[in-house]
Amino acid sequence: MSSQAVNFSNRDGLSLSGVVETPDGAIRAWALFAHCFTCSKDTLAATRISRELAERGIGVLRFDFTGLGASEGTFESTAFSTNVSDLVDAVNWMAANGRPAQLLIGHSLGGAASIVDTRQLPDIRALVTLAAPSEADHVIAQFKQSVPEIESAGQAQVDLAGRPFELTKAFLEDVRGSRVIDAVRELKRPFLIMHSPTDATVGVA
């Protein structure tokens with residue numbers, strides 16, 4: 001397999017950074033990998049899974065959401081719906097460049113975004129989630145002590161995985177308004193849920 005760095009624009013004209021993992025032999029299908037909350041395309045999960053799929057004949061695009069990793073934009077200006085629209089833009093870019101995605105893989109909050117996204121993507125034939133919450137607002141538990149400040153001041157700096165991030169009231173409202181379970185009911189496509197029963201961040205329930 002080979003790895004190729006790519007860049008493509010989202011609907012706001014921002015450049016998003018990605019890596020395409022291409023199988024050496026016949027390509028069975030193309031997949032898109034959506035990384036976890038505040039993560040990047042270079043996490044071990046994104047990298048290892050994408051490369052293993054490529055070894056098995058499935059090409060993969062993994063990319064950084066707006067404001068994360070090497071992509072343009074600021075994290076504080078994004079929300080859950082930004083991730084959803086970035087995924088749609090990534091699928092459209094893949095199709096326009098001869099790599100039509102049939103499989104969508106989402107890790108953690110990227111999994112929740114992938115579920116919601118699939119309703120807008122008729123060419124996606126199957127969905128996989130890894131440690132994804134059943135509702136996007138589950139991420140609020142990671143910074144619940146800062147929620148009162150965010151709601152009163154409009155934004156606050158929070159520590160996530162040892163790094164500072166600026167979160168806004170708009171972000172809270174956006175994740176609270178997500179309808180992930182409703183999207184699951186409308187999928188009508190093969191859906192593989194992968195989740196550790198001992199997950200301490202997103203409980204398996």
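Trainee: Which residues does Leu61 touch, not counting residues up to four places away in sequence?
Mentor: This is a predicted model. In it, Leu61 touches Val6, Phe8, Gly18, Val19, Val20, Ala31, Leu32, Phe33, Ala90, Trp93 and Met94, with residues up to four places away in sequence not counted.

Trainee: Which residues touch the most other members in the largest nonpolar core?
Mentor: They are Leu32, Leu61, Phe80 and Phe143, in a core of 49 residues. Helix H2, residues 80–96, supplies the largest share of this core, with eight residues. There is also a second, separate core of 10 residues, and its members include Ala31, Phe33, Val60 and Leu103.

Trainee: What span should H2 have at 1.5 Å a residue?
Mentor: The 17 residues should span 24 Å, and the end C-alpha atoms of H2 are 25 Å apart, which agrees. After H2 comes Gly98, which has a positive phi near 70 degrees.

Trainee: Where does Thr82 lie, and is Thr82 buried or exposed?
Mentor: Thr82 lies in helix H2. Its relative accessible area is 15%, so Thr82 counts as buried, the limit being under 20%. A polar atom of the Thr82 side chain lies 3.0 Å from the backbone nitrogen of Ala79. Thr82 and Asp174 are 92 residues apart in sequence, and their C-alpha atoms are 9.6 Å apart in space.

Trainee: Changing topic, what is the order of the strands in the open sheet?
Mentor: The order of the seven strands is E1-E2-E4-E3-E5-E6-E9, and the pairing is mixed. Strand E1 (2–9) and strand E9 (191–194) stand at the edges with a single partner strand each, so one side of each has no neighbour in the sheet. On average, neighbouring strands of this sheet are turned by 20 degrees against each other, direction ignored.

Trainee: How many bridges join E3 to E4?
Mentor: Six bridges join strand E3 (residues 29–34) to strand E4 (residues 58–63), and the two run parallel. Ala34, for instance, has Phe63 in E4 as its bridge partner.

Trainee: Which strands does helix H1 touch?
Mentor: Helix H1 (residues 44–55) packs on the sheet and touches E1, strand E2 (15–22), E3, E4, E5 and E6. The direction of H1 makes about 160 degrees with that of E4. H2 lies across E1, E2, E3, E4 and E5, and runs at about 155 degrees to E3.

Trainee: What about the loops: where is Ser108 found, and what is its phi?
Mentor: Ser108 is found in the loop between strand E5 (101–107) and helix H3 (109–118). Its phi is positive, about 55 degrees, although Ser108 is not a glycine. Ser108 is buried, with a relative accessible area of 14%.

Trainee: And where is Ala131 found?
Mentor: Ala131 is found in the loop between strand E6 (126–130) and helix H4 (147–153). Ala131 has a positive phi near 55 degrees and is buried, with a relative accessible area of 17%.

Trainee: Lastly, with which residues is Thr168 in contact, leaving aside its neighbours within four places in sequence?
Mentor: With those neighbours left aside, Thr168 is in contact with Glu76, Ile150, Gly154 and Gln155. Thr168 belongs to strand E8 (residues 163–168) and is buried, with a relative accessible area of 13%.

Technical notes
Residues numbered from 1 in each chain as written. Predicted model: local features only at pLDDT ≥ 70, side-chain atom pairs only at ≥ 80, totals over all residues. Heavy atoms only, no water. Core = buried A, V, L, I, M, F, W, Y, C linked by side-chain atoms within 4.5 Å. Buried < 20%, exposed > 50% of the residue type's maximum accessible area, 1.4 Å probe, protein only. Helix = DSSP H or I, 4+ residues; strand = E, 2+ residues; numbered from the N terminus. Contact = heavy atoms within 4.5 Å. Expected span 1.5 Å × (residues − 1). Pairing = 2+ DSSP bridges. Axes fitted to C-alpha atoms, helices over the stretch in contact; angles between N-to-C directions. Polar contact = N/O pair within 3.5 Å; in protein donor to acceptor, adjacent residues only side chain to side chain.
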